[in-house]
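Me: I am new to this structure and would like to understand the words used to describe it. Could you take me through them one at a time, setting each value against its definition?

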Amino acid sequence: MTIEARIRELGNRHRTLDQTIQKELTRPSVDTLQVRELKQKKLRLKEEITSLEARAH
């Protein structure tokens with residue numbers, strides 16, 4: 001898999017996590033632990049994307 005393909009894949013996962021977080025936040029009884037875990041996963045994905053983009057350029 002090329003770096004660009006990996007970046008696209010991670011970007012898709014990042015967007016999906018963002019949508020999941022937004023849905024969770026609109027629920028009447030927000031599970032703050034789950035939201036925190038999802039945000040941490042999203043941050044790790046963003047960090048990996050940034051790292052790969054730096055290597056690609």
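Reply: A salt bridge is a side-chain nitrogen of Lys or Arg within 4 Å of a carboxyl oxygen of Asp or Glu, and the structure holds five salt bridges. The model is a predicted one, in which local features need pLDDT of at least 70 and side-chain atom pairs count only at pLDDT 80 or more, while totals for chains, interfaces and linings use all residues. Residues are numbered from 1 along each chain as its sequence is written, and side-chain values use heavy atoms, with hydrogens and water left out.

Me: What makes Arg6 and Glu9 a salt bridge?

Reply: The side chains of Arg6 and Glu9 meet with N to O at 3.3 Å, and the definition asks for a nitrogen of Lys or Arg within 4 Å of a carboxyl oxygen of Asp or Glu, so the pair qualifies. Both residues lie in helix H1, three residues apart, which is about one turn of the helix; helices here are DSSP runs of H or I with at least four residues, and strands are runs of E with at least two, numbered from the N terminus.

Me: With which residue does Arg6 form a salt bridge whose closest N and O atoms are 3.1 Å apart?

Reply: That partner is Glu48. Arg6 lies in helix H1 and Glu48 in helix H2 (residues 32–56), so the pair ties together parts that are 42 residues apart in sequence. Arg6, Glu9, Arg13 and Glu48 are linked in a network of salt bridges.

Me: Why is Arg6 called partly exposed?

Reply: Buried means under 20% relative accessible area and exposed means over 50%, with partly exposed in between, using a 1.4 Å probe and protein chains only. Arg6 has 24% relative accessibility, and therefore counts as partly exposed. Glu9, with a relative accessible area of 28%, is partly exposed, and Glu48, at 31%, also counts as partly exposed.

Me: How do you know whether Glu24 is buried or exposed?

Reply: Glu24 lies in helix H1 (residues 3–26), and because its relative accessibility is 7%, Glu24 counts as buried. Glu24 also forms a salt bridge with Arg27, the closest N and O atoms being 3.2 Å apart, whereas Arg27 is partly exposed, with a relative accessible area of 45%. Leaving aside residues up to four places away in sequence, Glu24 touches Ser29, Val30, Asp31, Gln34 and Val35, where contact means heavy atoms within 4.5 Å.

Me: What makes a group of residues a nonpolar core?

Reply: A nonpolar core is a set of buried Ala, Val, Leu, Ile, Met, Phe, Trp, Tyr and Cys residues joined through side-chain atoms within 4.5 Å. The largest one here has nine residues, namely Ile7, Leu10, Leu17, Ile21, Val35, Leu38, Leu45, Ile49 and Leu52. The elements that give two or more residues to this core are H1 and H2, and H2 gives the most, with five residues.

Me: Why does Ile21 count as buried?

Reply: Ile21 has 2% relative accessibility, so Ile21 counts as buried. Not counting residues up to four places away in sequence, Ile21 touches Val35, Leu38, Lys39 and Lys42.
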